[in-house]
Amino acid sequence: MSKRTALIKRKTRETQIELKLTLDGRGSCECNLGLGFLEHMLELLARHARIDLKVKAKGDLKVDDHHLTEDLGIVLGQALESALGKKEGIERYGSSVLPMDEVLVVVALDLGGRFAFSCDYQPQRDQVGDLACELAPHFFKSLAEALRCNLHFRFLNAGENEHHRIEAMFKGFARSLRMAVRIDPEAKGAIPSTKGLL
């Protein structure tokens, strides 16, 4: 099996991002963003998805955290799409029911080549650490659009803690991604669609 890797660079007047990704990794993450909470979430994502991530990024944080968070979602989605190639032999679908202390979230993912996003996360405060809470779903929407996937989040119990809610989203996505990108040994390289392409 060829190594499923990608290197994506994006430079705008607002952000500069270089992201290297290995799908069949060990869960390592090196990232320098200037946003500590988002760095922590990417560490969790890499560890639980078992992908390797290396990210260097600068953004106009003197304005706010929006541009960097959005563009990082775009670049990560592009990297995943690139690393997946023709998606031969992948499971395609992934889902998880993930508890994070008092929070319980369902995440479902389809790498079918079409974009759809649905999320019922409702922040109860504005900020966690140095990240605006409203940017958590925006990050995932940007990622899903770039990856051309269906991505759904449903909170079965929203709990009481904002950190727990966002962490549950990242871990739930990671576990779903890990399942969806896995190579099915019985598929023998087939495209998991009656269309013959994803």
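This is a predicted model: local features need pLDDT of at least 70, side-chain atom pairs count only at pLDDT 80 or more; totals for chains, interfaces and linings use all residues.

A: Gladly! Let's start with pairing: two strands pair if DSSP finds at least two bridges between them.

Q: What makes strand β2 and strand β4 a pair?
A: Pairing needs at least two bridges. Strand β2 (residues 15–22) and strand β4 (residues 52–59) have eight bridges, so they pair by that rule. The sense is antiparallel.

Q: In what sense does strand β3 pair with β4, parallel or antiparallel?
A: Strand β3 (residues 29–32) pairs with β4 in the parallel sense. Four bridges join β3 and β4, and the rule asks for at least two. To find one of the contacts on screen, look at Cys-31, whose bridge partner in β4 is Val-55.

Q: How do you know that β1 and β2 pair, and what do they form?
A: Seven bridges run between strand β1 (residues 5–11) and β2, in the antiparallel sense. Arg-10, for instance, stands opposite Ile-17 in β2. With three residues between them, β1 and β2 form a hairpin.

Q: What makes the radius of gyration agree with that of a compact globule?
A: For 198 residues, the globule rule gives a value near 16 Å, and the protein has 16 Å, so the two agree. Along its principal axes, the C-alpha trace spans about 50 × 40 × 30 Å.

Q: What share of the residues is buried, and what share of the contacts joins residues 24 or more positions apart?
A: Buried residues account for 49% of the 198. Of the contacts with a separation of 6 or more, 76% join residues 24 or more positions apart. As for the surface, the protein exposes about 9800 Å², and carbon and sulfur atoms supply 46% of that area.

Q: Why is His-164 called buried?
A: The cut-off for buried is under 20% relative accessible area. His-164 has 16%, so it counts as buried. This residue lies in helix α4 (residues 162–181). Leaving aside residues up to four places away in sequence, His-164 touches Met-100, Asp-101, Glu-102 and Val-103.

Q: Why is Asp-110 called buried too?
A: The relative accessible area of Asp-110 is 8%, so Asp-110 is buried by the under 20% rule. Asp-110 belongs to strand β6 (residues 103–110). Beyond four places in sequence, Asp-110 touches Arg-92, Tyr-93, Cys-149 and Asn-150. Cys-149 is 39 residues from Asp-110 in sequence, yet their C-alpha atoms are 5.6 Å apart in space.

Q: What makes Arg-125 partly exposed?
A: Arg-125 has 43% relative accessibility, so it counts as partly exposed. You will find Arg-125 in the loop between β7 (116–119) and β8 (127–128). Not counting residues up to four places away in sequence, Arg-125 touches Cys-133 and Glu-162. Between Arg-125 and Asn-161 the C-alpha distance is 9.5 Å, with 36 residues of separation in sequence.

Q: How far apart are the mean positions of the positive and negative charges?
A: They are 8 Å apart, for 29 positive and 28 negative charges.

Notes:
Residues are numbered from 1 along each chain as its sequence is written. Side-chain values use heavy atoms; hydrogens and water are left out. The radius of gyration is taken over C-alpha atoms; the globule rule is 2.2 Å times the number of residues to the power 0.38. Buried means under 20% relative accessible area, exposed over 50%, partly exposed in between (1.4 Å probe, protein chains only). Contact means heavy atoms within 4.5 Å. Accessible areas come from the Shrake-Rupley method with a 1.4 Å probe; for residues, only the protein chains shown count as cover. Lys and Arg count as positive and Asp and Glu as negative; His and the chain ends are not counted. The place of a charge is taken as NZ of Lys, CZ of Arg, CG of Asp or CD of Glu. Helices (H or I, at least four residues) and strands (E, at least two) are DSSP runs, numbered from the N terminus.
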